Structure formats: C-alpha cells, structure tokens
2 protein chains.
Amino acid sequence: MTSLEFFRLQTREEVLALYPRFSPVGVEEVDLLAALGRVLAAPVPAPEDVPAFLRASMDGYGVRAADTFGASVGAPQYLEIKGEVPMGAAPERPAGPGETLRVPTGAMLPPGADAVVMVEYTAEHPDGTLEVRRPVAPGENVLQPGEDVQQGEVLFPAGLRLRPQDLGLLAALGVTRLPVFRHPRVAILSSGDEIVPITQQPAPGQVRDSNAHLAAAQVAEWGGVPTLQGVIPDDFSALKNALAAALGEADLILISGGSSVGARDLTLEAIKALPGAEVLAHGVAIRPGKPTILAAVGNPPLPLLGLPGHPASAAVVMEVLGRPLLARLAGLAESRSWEDEVTALLSRNLAGASGREDYVRVRLRREGETLWADPVLGPSGLLSPLVKSDGLVMIPLGVEGLVRGESVTVRLFSPGL
Amino acid sequence: MTSLEFFRLQTREEVLALYPRFSPVGVEEVDLLAALGRVLAAPVPAPEDVPAFLRASMDGYGVRAADTFGASVGAPQYLEIKGEVPMGAAPERPAGPGETLRVPTGAMLPPGADAVVMVEYTAEHPDGTLEVRRPVAPGENVLQPGEDVQQGEVLFPAGLRLRPQDLGLLAALGVTRLPVFRHPRVAILSSGDEIVPITQQPAPGQVRDSNAHLAAAQVAEWGGVPTLQGVIPDDFSALKNALAAALGEADLILISGGSSVGARDLTLEAIKALPGAEVLAHGVAIRPGKPTILAAVGNPPLPLLGLPGHPASAAVVMEVLGRPLLARLAGLAESRSWEDEVTALLSRNLAGASGREDYVRVRLRREGETLWADPVLGPSGLLSPLVKSDGLVMIPLGVEGLVRGESVTVRLFSPGL
C-alpha cells in the first residue's frame with residue numbers, strides 16, 4: 001500500500017555510514033570571543049611561546065637556586081637585595097651570584113635568577129640583606145618560557161569545538177581571529193494540509209506547526225541556523241517548488257512531513273523530482289521514527305532529511321540522525337560522548353520493538369546516590385512526554401527488553417552538538 | 001602580611017549561601033524561537049487543550065468501537081463507508097451506528113466515532129462496505145482532546161530553562177511570546193600593570209589579557225552578556241573609577257585581578273571604596289582559588305566577584321562560584337545536575353589540600369566500557385592543563401586524598417548553565 005514497503009528498512013548505523021558523502025560547510029573568519037562554541041576549520045599552531053619569559057609564580061625573591069642550597073632556619077643563607085622587578089617591565093638589572101631582587105607573582109625574573117624563594121621563607125634585614133631559610137631547586141616557583149605552550153605546538157586541531165579555556169589560551173597567544181566553519185544553514189519546510197502557522201487560531205481539524213518549531217530549536221541548539229520556510233500544502237508542485245527554492249539557500253533541508261501515508265508519499269515524489277535527487281534511505285529501523293527519508297539533492301549533493309509526522313518521532317529522528325548529520329556539516333571532528341550520556345538505573349521493565357531500535361523517553365530522578373531513569377510513556381503523537389523527559393534510552397535491535405534495576409545509558413537532550 | 005590573614009577562609013557552601021541576597025535580573029518578552037535556552041520568568045499555563053479535538057493517530061477508519069466488538073478474520077464485522085474526513089477540516093458528517101468514515105493520521109474523527117480501526121485490519125468492498133477483522137476498544141488509535149496538555153495545566157514553571165521540546169509544545173499551544181529573564185550583563189575588568197590588550201605585542205615582562213577573555217567566554221557560555229571593560233592599571237583611583245562606572249551598567253561585576261599580593265590588596269581597597277560596599281567573603285577554602293573576593297556593591301546591592309590572578313584559579317572559581325551566581329541572577333530554578341556531572345574512575349592517586357576543597361583538572365578517556373579520569377597536573381599559572389581537560393574532580397574538605405581506581409564525580413566543563 002505504501003512505497004515504504006518497497007524499501008528495506010535501514011539500520012541507524014547504515015544511515016550514519018552515508019554521511020561522509022556530504023561535505024562540511026564553508027569557512028569564515030571570526031573574532032576570538034565570537035569563536036566560542038564554533039568549530040575550528042584549520043589547526044592553530046602557537047605563534048609564540050607562552051610564557052614568553054621566565055616568570056615568577058609566587059611572590060618572593062628571584063635567586064640563583066645554587067645560592068640557597070643548604071639554607072635552613074638554623075643556618076640561613078644571606079643574599080644582597082639589589083632592588084625589585086616592577087610588574088609589567090623588564091628587570092633593571094641581573095641577579096649576580098649572591099644577589100637577589102624582589103619579584104611579585106607574574107613578574108619577569110632578572111637574568112641570572114632561576115628560581116623564586118617564597119616570601120614566607122625569608123626575612124629582610126635593615127642593611128639590605130635577605131635571610132633565606134629554605135633552599136629552592138632551579139625552576140622552583142617559576143614558569144619556564146614555553147611551559148604553557150611552545151611556539152609551533154598544535155593544541156587546537158581542526159574540527160575542535162572551541163571552549164572558554166581554549167579562547168583563554170588563544171588570547172594569551174595573541175590569536176585574535178580564527179578560521180571556523182560557517183553555521184550550517186538549515187531550511188525547514190512544513191507540509192500537511194492540517195498544519196497552520198503558530199500565530200493562527202486553528203479551525204476544527206487543524207493544528208499549529210509545532211514540529212517545525214521543535215526541529216528549528218534543535219537545529220539552533222546544535223549550532224545551525226534554522227530558517228522556517230512556512231507551511232506548504234499537500235500538493236506536488238507546491239512541495240517541489242518549495243524544496244527547489246530551499247536548495248539554493250541551505251546546507252541541509254528538513255521537511256517536517258504530514259503523518260498520513262498519503263502525505264508521506266507525496267513528499268517522496270516531490271523529493272525525487274528535485275535535480276540530482278537520490279533517495280538514500282526510506283524507512284529506518286528505529287522506533288519511533290520509521291518513516292524517515294534521507295536523500296541527496298542538488299549538485300553538489302546536499303542532504304535532505306524527511307521527518308516523520310508524529311512529534312515524538314520527529315524529535316527522536318532529529319536526535320539520533322539529524323544531530324550527527326549536523327555535526328558532519330559543521331565540521332565537528334571530536335566526540336565528547338560524556339557530555340551527552342549519563343548512566344542511570346531503569347525504574348521499570350521495558351519491552352523492545354522487534355526488528356527496530358527502540359528509543360524510550362525517560363525522566364531522570366536522583367534518589368540519594370542513585371540516578372533513576374523513569375520511562376515516560378505515551379503515544380508518539382504527544383509532545384508532553386518529551387517535555388517531561390530528560391533523554392532517551394535505547395533498546396538495541398534484537399534485545400527483547402530491559403529490566404527494572406538494569407544500568408542503562410541515557411542519551412541526554414543536552415545543549416550543544 | 002596580606003589582608004587575607006584578617007579574614008577567616010569561608011567554605012564554598014558558606015559563599016553559596018550568600019547568593020539569595022542578590023535578586024534575579026529583570027524580565028523581557030521574546031518571540032518563541034528566541035526563547036530557546038532562556039529562563040522563564042513566570043509560569044505559562046496552557047491557554048487551551050492540545051489536541052483541541054479527537055484526533056486519529058493512525059491511518060484507518062473512524063468507528064464506534066462498539067460496532068467492532070467480536071470482529072475477527074473468521075467472523076468480520078461490516079460497516080457502511082460514508083466518505084472520508086479531509087485533512088485539516090471538520091468532518092462533513094457524523095458516523096452513526098454501523099457507519100464509518102476514512103480518517104488519515106492526524107485528522108479529526110467524525111462525531112459519533114470513538115476509535116480508529118487501522119487500515120491493516122480492514123478491507124474495502126466494491127459496494128462501499130468496510131470489512132473489519134479486529135475489534136478496537138473505545139479510544140484506540142486516537143488522541144483525546146487535552147491528552148497532551150489540558151487548558152490551565154502548568155507544564156512550564158517559572159525558572160525553567162526552555163529546551164527545544166518545550167518550544168514545540170508552546171508552539172502547539174499558540175504561545176508565541178514568552179516572559180523570560182534578561183541575559184545577566186556582566187562587566188569584566190582586568191587589572192594588573194603587567195597586562196596588555198590581546199591585540200598588543202607584549203614587551204618583556206608583559207602578558208596578554210587572557211583571564212578576562214576566559215571569564216568572558218564562560219559568562220557567554222552560561223547565558224550572560226559579557227562586556228570587557230579593558231585593562232585598568234594598578235592604581236587606586238583608576239580601579240575605583242572603573243568599578244564605579246561598571247556599577248551602573250552591569251548586573252554582576254567581575255574583576256580579574258593581578259596575582260601579586262600588592263595588586264590584590266589594592267583591588268580590595270578600591271572595592272571597599274564603592275558606594276554600599278560590603279565585603280562578604282575574602283578568601284575561600286578551595287584550591288586553586290583561595291584569594292577570591294565576593295562583595296555586594298551599590299544600591300540595590302549587586303554582586304562583585306574578584307577572581308584570582310592565576311588562570312587556572314580564576315577558571316575554577318568561575319566554575320565553582322561564578323556559575324551558581326550567574327544561575328541565581330538568571331532566575332534559574334531547576335538543577336539538571338546530570339548534564340554537568342559524569343562518573344568516572346580515577347586513573348592515579350591524588351593527594352588533597354589540607355583545609356581546602358581541592359579541584360583537580362581531569363581529562364576523560366573511554367577505554368571499552370570504562371570512563372577514566374586522568375588528572376592533568378601543572379601549576380595554576382598555566383592555561384594548557386585547562387585546555388587539555390574535560391572537567392574537575394573535587395577532593396572534599398578533610399579528605400586526605402583519592403586513590404587510583406576510585407569512582408569519582410567529574411564536574412564537566414559543559415556548555416550551558
């Protein structure tokens with residue numbers, strides 16, 4: 001009855017394996033602070049050493065460590081104080097043998113000095129002598145030139161999503177502009193004769209366009225720039241024209257389809273009529289989310305993801321297939337899986353879906369030391385179970401179910417790619 | 001020698017307990033999609049039922065369930081097909097006893113019908129009769145009016161950070177404008193005679209202003225709007241004037257101080273000279289991060305956080321004290337701790353800091369099923385250990401240390417508050 005039946009369901013892994021055929025988006029250059037959360041498009045080698053000079057890491061006295069060997073409270077060593085290194089300036093003179101200069105934390109050591117004696121282990125005498133009550137080793141209480149990062153060292157590879165501490169070190173290096181991948185532009189089309197814009201009061205039988213807004217928010221959360229293309233009627237030409245228009249302006253097209261079989265078939269025909277269209281997957285072995293379409297359209301080929309009509313299905317497909325697709329387009333090379341996953345104990349038995357990976361919405365709940373995952377059940381036509389959930393538990397293909405008390409990995413609805 | 005000694009070190013909990021004296025920032029109204037990641041300033045009760053009408057959740061036939069009771073493949077029930085409910089419109093007629101109408105997924109059921117028979121369990125005969133081979137219960141394959149959310153129900157309390165699925169349901173409800181807390185404005189001052197702007201080539205003894213950029217990026221990551229106020233020289237009047245100017249334009253003042261004792265004392269004096277100034281904490285029992293200042297300044301009192309000069313210390317203080325402070329100002333009421341924390345096994349022994357909570361940078365590494373936390377050691381004057389880390393492990397006050405193989409909670413450097 002439906003064209004779905006002519007396709008074999010593909011597994012999630014099979015669909016993910018298709019993604020390398022799509023290229024990351026282009027590159028732009030942005031200011032340092034604007035690069036937060038962006039994905040580096042090229043490695044950034046350190047243009048210079050940090051620190052650039054031998055630097056005190058404690059308040060104290062710059063010394064030749066050898067001058068302090070054997071010093072103790074009972075038998076201190078004595079050094080001649082030759083002045084102070086001002087903050088933010090070069091020392092006015094070196095520290096010769098038997099000499100020392102006061103150095104505040106962060107200041108440059110005078111030439112000759114190779115360590116700092118902390119102020120706590122000294123006393124200044126009125127005659128300009130410093131009493132040193134503890135020895136220091138060479139390099140003690142100082143930062144060596146290049147100790148943080150050496151010129152040419154690559155701490156920032158391409159594909160890295162930049163975090164605050166990365167920007168901190170790049171600031172120290174004087175790197176003020178960075179090459180990053182553009183934000184992927186995502187065109188989102190809503191189809192379905194029952195759908196009206198969210199600003200409209202629905203007539204009987206009509207509903208507001210919630211799925212497109214959910215998908216748009218997911219795209220924004222994951223670093224894409226969503227553009228809502230509005231509601232397209234269930235009409236072949238209208239759908240095809242809207243898709244063709246989106247093709248020129250987007251890096252990814254999402255079509256939030258009607259949930260009826262008729263609407264889905266029409267969407268598929270419109271996709272096939274696009275230039276260069278190739279349907280790569282039609283039907284994925286996940287639940288909810290079976291009626292998902294992945295196509296390549298245009299030249300060079302852009303990805304098009306056709307989402308199921310039920311909101312929970314669409315949201316799961318976006319999490320499971322849309323997010324990795326966006327990560328591919330965004331040029332993201334790293335995976336910090338611990339930011340997206342948490343281990344919890346399942347609070348009730350769950351039956352799996354024969355022949356499909358089953359994604360169950362769960363709410364997390366801390367009880368003492370234990371984190372519980374409470375399944376939030378409900379038809380996939382509802383939005384509220386998603387609102388009440390914190391993430392998804394997957395029952396793998398071929399697994400009959402999970403039992404109460406079992407340790408499960410919860411894929412979090414967390415911000416960021 | 002330092003004014004620190006006149007203060008008792010306060011614990012992290014004692015500092016956090018001071019935050020309720022600061023009020024959340026004001027409220028603004030934003031469009032639905034702009035509300036992503038924002039904190040709701042007032043509860044949003046559902047203005048109407050979703051769904052608004054009895055809705056098919058499967059493709060099939062709208063029936064009176066009672067008409068199908070006892071139906072089987074061997075003894076089907078027969079109903080009269082009275083037409084089809086178009087998508088997005090009210091049914092043209094009811095379904096009387098013995099009658100049925102075709103309904104696509106998502107369409108409104110005809111009056112009288114209380115269930116949908118899936119198309120798979122039926123056959124249409126040429127005479128307009130529907131053969132039903134399986135019974136349905138009342139309510140089967142339909143969504144009831146209000147099943148997702150009922151008018152007046154509050155799924156969105158004040159203090160909630162809005163996620164994509166929240167916006168999806170709000171879209172379905174026709175809520176297109178939302179009251180959210182403003183982004184907290186954070187003025188960031190850099191002090192220290194050794195500090196130069198990041199665009200400048202440092203002379204010997206000078207370093208670029210990395211700490212302020214690190215803090216600014218953290219603020220932005222956590223939903224604040226940072227403003228870099230530039231580098232202020234180590235001069236009482238200059239510091240006081242810069243602080244006073246920031247007072248009028250910010251919800252929180254951060255001062256990224258010099259790391260020397262002299263610079264810190266000067267900063268403290270400048271803070272104390274502000275109108276309404278009250279130093280609430282000077283010295284916190286954490287490592288790194290001891291020389292931290294929390295003050296209330298101005299009227300109404302705004303928080304001012306004085307950060308230590310070492311970059312690792314400043315970053316830890318921002319994570320441990322700055323982030324909860326920003327959460328308070330942002331009006332965030334919920335805590336989703338599982339988004340910030342992960343459990344891992346420590347890969348080596350760690351000694352604690354006597355008398356202070358010790359925060360150790362760790363890098364996470366997956367090895368089969370095991371997540372390892374590898375301590376990244378190094379002086380707190382360095383930035384690169386932060387760059388190489390994924391989070392922090394805390395050794396509690398009074399604990400001598402942690403041992404290799406021990407299960408530890410890693411506080412992630414994760415995006416979002």
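Two strands count as paired if DSSP finds at least two bridges between them, and strands themselves are DSSP runs (E, at least two residues), with helices being H or I runs of at least four, all numbered from the N terminus. Keep that in mind for this predicted model, where local features need pLDDT of at least 70, side-chain atom pairs count only at pLDDT 80 or more, and totals for chains, interfaces and linings use all residues. Residues are numbered from 1 along each chain as its sequence is written, while chains are lettered from A and ligands numbered from 1 in the order in which they are written.

**A sheet in chain A**
- Six strands form an open sheet with mixed pairing, in the order β7-β4-β6-β5-β9-β8 (chain A).
- β7 (115-118) and β8 (122-124) of chain A sit at the edges with a single partner strand each, so one side of each has no neighbour in the sheet.
- β4 (residues 60-63) of chain A pairs with β7(A) in the antiparallel sense, over four bridges.
- Within that strand β7(A), V116(A) is the bridge partner of G62(A).

**How the two chains relate**

**Where they touch**
- The contact takes 86 residues from chain A and 86 residues from chain B, counting residues whose C-beta atoms, placed from the backbone, lie within 7 Å.
- α3(A) gives the most to chain A's side, with nine residues.

Notes: Two residues are in contact if their C-beta atoms, placed from the backbone, lie within 7 Å.
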